[in-house]
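I opened this model to look up a few things about its helices, core and rings. My notes follow.

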Amino acid sequence: MAVIDTFLKLMVEKRAERLVLVSDAVPYLLKAGETIELSMPALRGDMLRRIEGEITGQEPSDARREGRFQGADQTEFGYHIHPSGEERRIEIHASGAPHPVEIARADDPVESAVAAQMNPPAAASPVMPATARTGTDLLATIDQAISGETSDIFLSSGKPPRVRRRGLISRIDASPPDAAQILQLLPDDATRREFEQTGSTDFAVRWELSEGSRRFRVNVFRHLDGVAAALRPIRLRIPSLAELNLPDSLLDLVSFTGGLVLVTGTSGSGKSTTLAALIDHLNRTRARHVITIEDPVEFQHREVQCLIHQREVGLDVESFSAGLRAALRENPDVILLGELRDLDTISAALTAAETGHLVLATLHSGSASSAVNRIVDVFPGHQQQLIRVQLSTSLRAVLSQRLVPTRSKSMIPAIEKLIVTPAVASGIREGHDHYLRNAMLTGGDEGMITLERSLATMVRKGTIDLETATRHAVDQQALAHLLE
């Protein structure tokens, strides 16, 4: 099974005059003078050489070549191959009246990954036969699952697909995918190698669905019974804080001239979306140089006033810590860090914050006060006091958020906000956690808020009921007192 046939199929279906493949660039079609970029990652040079061998039937060469070849259905095409140093360019044009190319499911892992990207569900044929076990069939399932208020899609080999809507998981009426179909979601060789070596991989990808182009954050992982994937549809545009039901007072988090600002919460609590909204506000109001280091890139920012460079771990930079160290030489005003994962990354983030950069980062933590201990505990015991001193001088604020169900069965964030005042800095330095809690209880004038106060406000507005608030409160007595 040849990789080139997956491209030929799309070329025929789109009735394009020419297909252009360039190393380290996204393939595109030419049709009536219009350029149509394909929804897939850039092709690497080794893939271009493989395709060249499939077309010519010979080993790749550094000489220019042209000629004719036949596709899987014996349809004839012409080709021009233009090598230029490290770059290779292959142009393919139709020869005669082409017919649709019928392609069976690819067995080769690389071909499967390409085929999954090259065969989105056609708008004219949204319903696939139940027996069609192809990447297109799985994209049709994803297309079906994304309707409504879907926040997450779960695919597991041999099990019915499920979705999360308004916080609840339910099945959808679709055939269970098999492991091969799920692995077709992997967009390139790099993610496949990571999956094979570590058992899981994260990536972001864009697919053409019936309602248009949609971007997803995807994690594919092995488990006891096979292979599974968790997909999160990314919003079509970056929402404002008001659209996220977050107070405008959080805009102060990007007003600091330097230091570390943390957005914490459990997985799926909306941390990345909140940070995207804050960067979008900064982009619209101030001229700054912003560097983001993400795994993967979710929201793509369009420059308004800011100069924004977005870097993806694994594609543009080796790791979070390597990206942070490089950022210190790239003269940014603001650094957005997708996640504080390990000692090296946290050390680099503290260094960047101490040297006058504003560092915005997410952290898995249940509350604002526990975020400090979460960072300190990453370090060996003999370093922890020094880290506390560093945090007391570089940490500016911590926002913690968790999603709670409303009366209308949607989800809304309840928040906790800690501002590092001199009293809070002293508590961090001395390891007195109660200083942080007391500061939030009494620091309303400084913009601080406890989780219980946030929940009580939503109860008074009728957004959530008392039972829900009590269930999510850390200090139920404090909540009761606030509601008296």
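**Helix α9.** I checked the length of α9 against its residue count. Its twelve residues should span 16 Å at 1.5 Å a residue, and the end C-alpha atoms are 16 Å apart, so the two agree. The expected span is 1.5 Å times one less than the number of residues. Helices here are DSSP runs of H or I with at least four residues, strands are runs of E with at least two, and both are numbered from the N terminus.

The model is predicted: local features need pLDDT of at least 70, side-chain atom pairs count only at pLDDT 80 or more, and totals for chains, interfaces and linings use all residues. Residues are numbered from 1 along each chain as its sequence is written, and side-chain values use heavy atoms, with hydrogens and water left out.

I then looked up burial in α9. Thr345, Ile346, Ala348, Ala349, Leu350, Ala352 and Ala353 are buried. Buried means under 20% relative accessible area, exposed over 50%, and partly exposed in between (1.4 Å probe, protein chains only). What covers these buried residues includes β13, α8, β16, β17, α10 and α11. Glycine 356 follows α9 with a positive phi, near 100°.

**Core.** Which residues touch the most other members of the largest nonpolar core? I found Leu262, Ile293, Leu340, Ile375, Leu391 and Leu395, in a core of 67 residues. Helix α9 (residues 343-354) gives the largest share, six residues. Such a core is a set of buried Ala, Val, Leu, Ile, Met, Phe, Trp, Tyr and Cys residues joined through side-chain atoms within 4.5 Å. I listed the partners of leucine 391, leaving out residues up to four places away in sequence: Leu260, Leu350, Val372, Ile375, Val376 and Ile428. Contact means heavy atoms within 4.5 Å.

**Helix α1.** Is α1 (residues 4-13) largely enclosed or open? Nine of its ten residues are buried, so the rest of the structure largely encloses it. Threonine 6 lies in this helix and is buried at 2% relative accessibility. A polar atom of its side chain lies 2.6 Å from the backbone oxygen of valine 3. Arginine 15 follows α1, and its phi is positive, near 55°.

**Rings.** I searched the whole structure and got three aromatic pairs. In one, tryptophan 207 and phenylalanine 216 have ring centres 5.1 Å apart and planes at 50°, so the pair is tilted. Rings of Phe, Tyr and Trp (its six-membered ring) pair with centres within 6.5 Å; planes under 30 degrees apart are stacked, over 60 edge-to-face, and the rest tilted. Tryptophan 207 is buried at 2%, and phenylalanine 216 at 0%. Ring pairs also link Phe69, Phe77 and Tyr79 into a cluster.

**Backbone.** I noted a cis peptide bond between aspartate 295 and proline 296, with omega about -5°. Proline 296 is in the loop between β14 and β15. Asparagine 331 has a positive phi near 55°. It sits in the loop between α8 and β16 and is exposed at 63%. Lysine 409 has a positive phi of about 70°. Its loop runs between β18 and β19, and lysine 409 is exposed at 58%.

Technical notes
Polar contact = N/O pair within 3.5 Å; in protein donor to acceptor, adjacent residues only side chain to side chain.
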